[in-house]
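Please look over the structure shown here before reading the report that accompanies it.

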Amino acid sequence: MSVHDDLSSVQRSLDELSRMVTRLEQRLGGGLEVRRVRTDADHLRESLALLRAAVAAPDAPRRPDLVPIPDTPYDGSLWTDSDDEGLGARDRRAP
């Protein structure tokens, strides 16, 4: 099966789930538990739509790759003229 076939299969399953939740709402009313199931089913539909869009547009810009930060200490001269957060400048007293 291709990815598109799998996505279509999931869509059909979600459609069936939505129909069954509607039947439950008609039988049980709109109680909190049924509303939660409805909300979860709607979230699944939204997530599947996002997944379909991501698969349909593979050339879309992706998040940039993570930049590794070395474990070696930074050069102390980078902070010679900086303020200590919440304390102000080094040569002055904190309020």
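The model is a predicted one, and the protein in it contains two helices and zero strands. Of the 95 residues of the protein, 9% count as buried, while the exposed surface comes to about 8600 Å², with 56% of that area supplied by carbon and sulfur atoms. When contacts between residues at least 6 apart in sequence are considered, 60% of them join residues at least 24 apart.

Packing of the helices can be described next. Two packed helices are described by the angle between their axes and the distance between the axes. Helix 2 covers residues 32-56, and helix 1 packs against helix 2 at an angle of about 160°, the two axes lying 10 Å apart. Because an angle over 145 degrees counts as roughly antiparallel, helix 1 and helix 2 are roughly antiparallel to each other, and their crossing is left-handed. The residues in the contact of helix 1 with helix 2 divide by class as follows.

| Residue class | Residues in the contact of helix 1 with helix 2 |
|---|---|
| Nonpolar | 14 residues |
| Polar | five residues |

Leu-24 belongs to helix 1, which spans residues 3-28. Its relative accessibility is 41%, so Leu-24 counts as partly exposed, a class that lies between the cut-offs of 20% for buried and 50% for exposed. Between the C-alpha atoms of Leu-24 and Val-37 the separation is 9.8 Å, and these two residues are 13 residues apart along the chain.

Terms used. Residues numbered from 1 in each chain as written. Predicted model: local features only at pLDDT ≥ 70, side-chain atom pairs only at ≥ 80, totals over all residues. Heavy atoms only, no water. Helix = DSSP H or I, 4+ residues; strand = E, 2+ residues; numbered from the N terminus. Buried < 20%, exposed > 50% of the residue type's maximum accessible area, 1.4 Å probe, protein only. Axes fitted to C-alpha atoms, helices over the stretch in contact; angles between N-to-C directions. Parallel < 35°, antiparallel > 145°, perpendicular 65-115°, else oblique. Left-handed = near helix turned anticlockwise from the far one by under 90°. Nonpolar A, V, L, I, M, F, W, Y, C, P; charged D, E, K, R; others polar. Contact = heavy atoms within 4.5 Å. Areas by Shrake-Rupley, 256 points an atom, 1.4 Å probe, with all protein chains shown as cover.
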